[in-house]
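Please read the following report alongside the sequence and the coordinates. It takes up a strand residue, a helix and a pocket in turn.

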Amino acid sequence: MTHTMLKGSNVPLEATTVRAVLRWAPGQGVPDVDASALLLGSDGRVRSDEDFVFYNQPRHPSGAVWRLGKKRVTEGLTDTIQSELTGVEPGVGRILLVASADGMTFDRVPALCIVLYDASVADGEPLAHFEIKPETGAETALICGELYRRGEGWKFRALGEGYSNGLKGLATDFGISVDESEAEEDRGQAPPETTSQPLPPEQPTSVPPQPAYGYPQPTSARPAPQPSYGYPQPESRPAYGYPQAPQPALTAPLDPDFRLPPQGPQFIGR
């Protein structure tokens, strides 16, 4: 039986491994949506930056919570977080299931919902279904719901709480250390990074201009002429097809009695 959830309602979970599927309808101008999870201790904060499971850190070190990634289904696009509840460390009391919209607002994301399944049952009926309605539409990150301990078991609560400062603001609120000088909430540039994973140094944003082929090059760009190996070279050579420098005149006068010798065979008439 599928429980249709209202904001603030909860439902007990009998499944030991829960698949939380975030789903939305794609379309023109619809931003990309990402699912992530924060594992919180008894004080309501992460114990370390490793308790943040997202696209740059898709699996928790305990192996109990991981991101399955995106798929296209009949109803739209999905991104999924799976939790093996029996393997969650005792120090973790809540697992927040979060959606972020790539730095854009959720009023542009239609048919957003979260659907829970028992991961041990193939093609099973959903355990719970929650249609998420942003309160203002200006939210860029949402806590869709949470898995939380209740006695020896677990429950799911539907939340739909929004943040206008994106995944970075949400993560900081729960104790993730974000480098303010380098982290960007826009996934297209760089997702929120923890201090244990510093961003690489910035790269140059432009390439020095290259001279165009067929046009005069600046002097510094022309390679110095290389002499042919083993022979001295003149300082410059005249270009073919152009007038050459005049040659010096002969200084000795010609002999007036000089005659050319006979050329070719001689014929004597009969």
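Predicted model: local features only at pLDDT ≥ 70, side-chain atom pairs only at ≥ 80, totals over all residues.

Residues are numbered from 1 along each chain as its sequence is written, and side-chain values use heavy atoms, with hydrogens and water left out.

Thr17 lies in strand β3, residues 17-24 (strands are DSSP runs of E with at least two residues, helices runs of H or I with at least four, numbered from the N terminus). Thr17 counts as buried because its relative accessibility is 16%, where buried means under 20% relative accessible area with a 1.4 Å probe, protein chains only. Beyond neighbours within four places in sequence, the contacts of Thr17 (heavy atoms within 4.5 Å) include Gln82, Tyr117 and Ser120.

Helix α1 (residues 166-173) is largely enclosed by the rest of the structure, because six of its eight residues are buried. Among them are Gly166, Leu167 and Leu170. Just after α1, Gly175 has a positive phi of about 100 degrees.

The buried residues of α1 pack against the strands tabulated here.

| Strand | Residues |
|---|---|
| β4 | 34-40 |
| β5 | 52-53 |
| β8 | 94-100 |
| β11 | 141-150 |
| β12 | 153-163 |

Strand β6 (65-73) is one of those that each supply at least two residues of the lining of the largest pocket, and the largest share of that lining, four residues, comes from β6.

Definitions and conventions: Buried < 20%, exposed > 50% of the residue type's maximum accessible area, 1.4 Å probe, protein only.
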